[in-house]
Amino acid sequence: MSRIGLTPITVPSGVDVKINDQNVSVKGKLGQLERNFSSKVAVKQDGDVITVSRSDDAPESRSLHGLTRSLLNNMVVGVSEGFEKRLQLVGTGYRVQQRGKGIELSLGFSHTVPVEPLGTNSLKTEGQGMVIVSGPDKELVGEQAARIRKLRKPNAYSGKGIIYEGEVVRRKAGKAAGKGV
C-alpha cells in the first residue's frame, strides 16, 4: 500500500481546485497550474481535502498512486507558497547581473551568457554571486536551475563553478608533485 498516496492533501484558503475527470486545475495567488493524470487513479475533492485512490493493485497503478498524490501536492504548494532554488557562483570573476526579467552571467568565457526565465519562473540576483530561481511549478524551477548550473558545472579540482546553495563539492587531490622518474 502506498503510504504517500494514502495521505490526503489539505487545500489552503485562497487556492481553488477544479477536477474534471482526469484533468486537475489548481489556481492560487501565484498563478494557475493544470495537469492531466492517468485513468488508473481517481482524484476526488471533499471540501478542502483532496484524496487520490487507485482502481486496482497492478504494479503500474500502485506506482502512479503515490506519484499522482505528490504531483497534486506540489501543484497546491506551488500556487500558494511557490518554490525556490538558490545557486551560488564560485570562482574569481564569476558574476551575475540582472537584465530586465532575465540575468546575464560572466563565467570566464570570452562572452557573457544571457539567461531568460522559463514559463512562469522569475530570476533574481542577490549580490554578484547568487541567482534565485523561483516560481509556482516545481518541475520548471528545477529545470531552470539545472540549465543554469549546466553552464559551468563545479570543478572537482578547483571547486569553481555554479553550485546549489548548501551543496558540498567533493574536492579531489591534484597531481602528486616531486615523484621521480
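Author: Gladly! Keep in mind that this is a predicted model. Let's begin with two paired strands: strand E3, residues 23-28, pairs with E4 in the antiparallel sense over 6 bridges.

Reader: Which residue in E4 is the bridge partner of Gly-28?

Author: Gly-28 has Gly-31 as its bridge partner there.

Reader: Now the nonpolar cores, please. Which residues touch the most other members in the largest one?

Author: A core is made of buried nonpolar residues joined through their side chains. The largest one has 18 residues, and those touching the most other members are Val-17, Val-24, Val-26, Ile-50 and Leu-72. Two or more residues come from each of E3, strand E5 (41-46), strand E6 (49-54) and helix H2 (59-80). H2 gives the most, with 6 residues.

Reader: What is Val-24 in contact with, leaving aside its neighbours within four places in sequence?

Author: Its contacts include Val-17, Ile-19, Leu-33, Phe-37, Val-43, Leu-72 and Met-75, and also Lys-18, Glu-34 and Arg-35. There is a second, separate core too, with 17 residues, among them Leu-89, Tyr-94, Val-96 and Leu-123.

Reader: Let's turn to charges. How many salt bridges does a search of the whole structure find?

Author: The search finds 10. In one of them, Glu-126 meets Arg-86, with the closest N and O atoms 2.8 Å apart. Glu-126 lies in the loop between strand E11 (122-125) and strand E12 (130-135), while Arg-86 is in strand E7 (residues 83-90), so this pair ties together parts 40 residues apart in sequence.

Reader: Is Glu-126 buried, partly exposed or exposed?

Author: Buried means under 20% relative accessible area and exposed means over 50%. Glu-126 has 42% relative accessibility, so it counts as partly exposed.

Reader: Where do Glu-143 and Arg-147 lie?

Author: Both are in helix H3, 4 residues apart, which is about one turn of the helix. Glu-143 is partly exposed at 36% relative accessibility, and Arg-147 is partly exposed at 46%.

Note on methods
Residues numbered from 1 in each chain as written. Predicted model: local features only at pLDDT ≥ 70, side-chain atom pairs only at ≥ 80, totals over all residues. Heavy atoms only, no water. Pairing = 2+ DSSP bridges. Core = buried A, V, L, I, M, F, W, Y, C linked by side-chain atoms within 4.5 Å. Buried < 20%, exposed > 50% of the residue type's maximum accessible area, 1.4 Å probe, protein only. Contact = heavy atoms within 4.5 Å. Salt bridge = Lys/Arg side-chain N within 4 Å of Asp/Glu carboxyl O.
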